[in-house]
Amino acid sequence: MHALLSRLFHVRSFTLWLLVFRLALTPCAADSLWDGFARPPRDARPWVYWFVMDGNLSREGITADFEAMHQAGLGGLIMMEVDVGIPKGPVAFMGEEWQGLFAHAVQEAERLGLEITLNAGPGWTGSGGPWVKPEQSMQHLVASRSELTGPGRLSEPLPRPARRPAFFGDGQLPAALEQAKNDYYREIAVLAFPTPAVREPIPDLDERALYLRAPYSSQPGVRAWFPTSARAPEDNPAAAVDPVDILDLSARLGTDGRLDWDAPPGRWTILRFGCTSTGANTRPAPRPGLGLESDKFDPAALEAHFDAFVTPLLERAGPRAGARTGWTSLHIDSWEMGAQNWTAAYRDEFLRRRGYDLLPFLPVIAGDLVGSREVSERFLWDWRQTAQELVLENHARRLRDLAHANGLGLSIEPYDMNPCADLSLGAVADVPMAEFWLYGFDTAYSVVEAVSVAHTTGRRVVAAEAFTSSDQERWQAHPASMKARADWAFAAGLNRLVIHRYQHQPWLDRFPGMTMGPYGVHWERTQTWWDMVPAFHNYLARCQFLLRQGLPVADVCFLAAEGAPHVFRPPASALHGDPPDRTGYGFDGCAPEVLLGRADVHDGCVTFPDGMRYRVLVLPESPTMTPRLLRRVKELVAAGATVIGSPPQRSPGLQDYPACDAEVRGLAQAVWGDGDGRQVGEHSCGKGRVVWERSADLEHNPDAPLLECPQYGDFSVVVNVLRQMGVPPDFEASVPLRYVHRRLHDGELYFVANPADSPVRADATFRVTGREPELWDPVTAGRRVLPRFSVAGGRTVVPLEFEAHQSFFLVFRERTDQTSGTGSNFTAPQPLGDILGPWDVSFDPRWGGPGAIRFASLVDWTLREEPGIRHYSGVATYHNTFKVSEPALAGRVLLDLGVVHNLAGVRLNGIDLGVVWCAPWRLDITDALQSGENRIEIRVANLWPNRLIGDSALSPDERLTWTTWNPFRPDSALLPSGLLGPVTLLTMPATQ
């Protein structure tokens, strides 16, 4: 038997040698792809949000935090200082000491190879502070209404228009600034017109006129977009004001607000227009950073803010040009300062951009119809479009230009209360960002948006505020609990996770220490498992490195509808599951400006300068399109593109009206021929064609309640067109799997993950032929050829097996003429035996542990009678010995830990074998195993709640922990903890 095992060992060793030799001959072994995967570079590492709590900042804490980040394998941080109710600290935001500590942070980041991205203002809302004067704050156009019957002379004050309440409430600023905000007012115009016989309100005017943009992510009933109609809405002529009857009385208004006017006969309505601050303030900012948000339409306001906030820090930190570590970027977080609709230059900008004067249409902003309901709606479209253009050009791009001029980049989260189109704002960023939650709100749509922005604008890195959480997290997040959501994010196209959050710890001796109150996952050096977390960070880094290689593969480009605000939502039928995964065809959304400026056609595909290629362009199911955009669509079709969608019927705004509508109809006739889009049809135009199959009602009612309106038809229409073009699905599997595909210069790369919390087997079909599949494991950094596969219909079918939430990369690089392969891709390990008790376990007395104790068998700590074990939080070390005979060493040997709560580090015979943090909870111990007796040491870390629960029953001076937030009570349920096993030795064939 021993001879047979010895012979088997040599056979397996020779087979393994052949495999290694074969891999050495492949390109992937000789180039940087494998090296970068096995040892990810610094720029591929995950990041964190680094929060400072209102003045709680220290030099030694900064150094300890940054050293802990570096040692844990993090690559950078987004820095914000906020006030969420934690008691105020001693260091005043932006004071002399604070600026010195910021410079120290930059120096420490440079020393340790970390990058710092600084939020563009205090808090997380945007760009503002106490240095922003009311006249350079975000502005609203406001109006007061007076009625007069003529003839007669009017010589009396008109009511001063009132400032509208701030969305997040007033009274949050220091008294002097609050008073200045409330007092600020500037005259704009006084208009008079014959009072209509009836007054019909404009539905949802506050939203349509950009007085209000509520949080789309968290408040129900907020529109994703404002649909337009192909038909003119029904009019009541008696309800509209004729523009020619509107009189400009602005010159007759005195400085005291008194109007001097001889009114003609009849009933007259007088509107006094002025501008006020919107009241939007920095939030949740530290008190020294409380102030108004700067005017997002005015580049001078942004520059003044930059000079007050960023420039002094640049002077402290030193030149940033060429810096690859330290302070490298600025950041605009999720847009939470709401909308504005005025600035001092707004009338001039509107005239320049739209080609007509807005003055006669200002009554629309006050709720009066001008011309007709259709004309008024068109004016409101132009009003919002102008606002968007000013935000993009004078705020986002200006901040980017200022950042670039000072050697910094710019990242943007372009969503939530954004009065613009999300895709358009995101396209300004050097690094577009999304947000997804572990516990709390559903913001998965923002991930689709950020990925789309990156793909269509050629951005290599696309990031996300990751694992954001409400108080449901309660110290319970750990790497295994987060892996499935991380894999979803990678499959959705993200390649930089910025974990929310790492809380700055100003002290070195308080545990778990400072918190952000109930917000975010607790991801800092005071965690029980922090010295084990590099294993998880390395996993993320390996995935992020590979997901930046080559180019993304997507077949479908959805053109976003013009107009603002706009949240891009693909058809629900293009997604499945929760959180949503793409189906077998990848897609992206594309902002109108990006299509206009970057799209071309090559070989029948819509292409972009950076190499992205889409088989089809899908138009939004909207009856309106500007002539400029429709001309571009026509050019793309004529050049050979396949476009799916119905013909638009008119232009959305008043610019060049009504000639604009005639031009739209003429262009639509040229592209769609006689097709009206109401039936299934197809029409050739130049080298390309348009296909349409109406699957939704284009006649959206613009007065409908605030409901989600479909932006595209059923995805099956797109799928049918692709299949008819001979384009099979990019990926399919016999069980639900999530995936993402990137095309390399010498092959294809797929990331594939099991979304289920149980093992699965699947036949996975990849749209690739002529190349042999390799499996790269991002947990172990291992790789091997998969011998079993088959080729059919231009695709390769590979049998795969996954443990719960397991993920792999399938790399197709080695060329092969074979159309099938035999053998086994996965071989079940065979048990060699369990490592039985007793176990000697050491608990740290500092956290109430009993020191050394013997467990007869493996058991959950919370089931023990000892309070010091039952309420223990931290690391306990298990010691044992076991014997292995020589024959057992013939193959690879794995250690299976069974059930672990929550991470475990293993040493065998004094050799560190690494950390086990997720299924299948195994390590390869072959190289450390020896014949005869073996000494094993397993360090196991659980979570903080058990100790916090125990401490909640103690007086403050008896507690072992110190924290600014403890949501637990003495009767709170304890969390399972420790090594539960069974701990098993397994043997595997050498080729596996």
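**A walk through a predicted model**

Okay, let's start in a loop: Ala781 sits between strand 34 (771-777) and strand 35 (782-785). Before I go on, please keep in mind that this is a predicted model. Back to Ala781. Its phi is positive, about 60°, although Ala781 is not a glycine. Most residues other than glycine have a negative phi. So is Ala781 buried or exposed? The relative accessible area of Ala781 is 18%, and the cut-off for buried is under 20%, so Ala781 counts as buried.

Trp921 is another one to look at. For Trp921, phi is near 55°, again a positive value in a residue other than glycine. You'll find Trp921 in a loop too, the one that runs between strand 47 (911-916) and strand 48 (922-924). And Trp921 has a relative accessible area of 15%, so it is buried.

Let's zoom out to the whole chain. The protein chain has 21 helices and 52 strands. Along its principal axes, the C-alpha trace spans about 115 × 75 × 50 Å. How does the radius of gyration fit with a compact globule? For 992 residues, a compact globule would come out near 30 Å, and this chain has 32 Å, so the two agree. As for the inside, buried residues account for 62% of the 992 residues. Now think about contacts between residues at least 6 apart in sequence: 79% of those join residues at least 24 apart.

Phe51 belongs to strand 1 (residues 47-53), and at 1% relative accessibility it counts as buried. What does Phe51 touch, once we leave aside its neighbours within four places in sequence? The list is Met80, Val82, Trp124, His500, Arg501, Tyr502, Gln503, His504 and Met516. There's also a C-alpha to C-alpha distance to quote here: Phe51 and Gly123 are 72 residues apart in sequence and 9.7 Å apart in space.

On to the peptide bonds. The bond from Arg283 to Pro284 is cis, and its omega is near -10°. Pro284 is in the loop that links strand 9 (258-277) and strand 10 (292-293). Then there's Tyr657 and Pro658, joined by a cis peptide bond with omega about 5°. Pro658 is in the loop between strand 27 (642-644) and helix 18 (659-672).

Pair one is helix 4 (residues 59-72) with helix 5 (residues 96-112): their axes come within 10 Å and cross at roughly 25°. That makes helix 4 roughly parallel to helix 5. The crossing is right-handed. Who meets whom in this pair? From helix 4 we have Arg59, Ile62, Thr63, Phe66, Glu67 and His70, and they meet Leu101, His104, Ala105, Glu108, Ala109, Arg111 and Leu112 of helix 5. Sorted by class, the contact of helix 4 with helix 5 has six nonpolar, three polar and four charged residues.

Pair two is helix 8 (residues 299-317) and helix 11 (residues 373-405), with axes that come within 9 Å and cross at roughly 40°. Helix 8 and helix 11 are therefore oblique to each other. This crossing of helix 8 and helix 11 is right-handed. On the helix 8 side, Pro299, Leu302, Glu303 and Phe306 meet Asn394, His395, Arg398, Leu399, Leu402 and Ala403 on helix 11. The contact of helix 8 with helix 11 splits into six nonpolar, two polar and two charged residues.

Last pair: helix 14 (residues 479-492) packs on helix 15 (residues 534-546) at an angle of about 5°, and their axes are 11 Å apart. So helix 14 is roughly parallel to helix 15. Here Pro479, Lys483, Ala486, Asp487 and Phe490 of helix 14 meet Phe536, Tyr539, Leu540, Cys543 and Gln544 of helix 15. By class, that's seven nonpolar residues, one polar and two charged in the contact of helix 14 with helix 15.

Definitions and conventions: Residues are numbered from 1 along each chain as its sequence is written. This is a predicted model: local features need pLDDT of at least 70, side-chain atom pairs count only at pLDDT 80 or more; totals for chains, interfaces and linings use all residues. Side-chain values use heavy atoms; hydrogens and water are left out. Axes are lines fitted to C-alpha atoms, for helices over the stretch in contact, and angles run from 0 to 180 degrees between N-to-C directions. Helices (H or I, at least four residues) and strands (E, at least two) are DSSP runs, numbered from the N terminus. Angles under 35 degrees count as roughly parallel, over 145 as roughly antiparallel, 65 to 115 as roughly perpendicular and the rest as oblique. A crossing is left-handed if the near helix is turned anticlockwise from the far one by less than a right angle, and right-handed if clockwise. Contact means heavy atoms within 4.5 Å. Ala, Val, Leu, Ile, Met, Phe, Trp, Tyr, Cys and Pro count as nonpolar, Asp, Glu, Lys and Arg as charged, and the others, Gly among them, as polar. The radius of gyration is taken over C-alpha atoms; the globule rule is 2.2 Å times the number of residues to the power 0.38. Buried means under 20% relative accessible area, exposed over 50%, partly exposed in between (1.4 Å probe, protein chains only).
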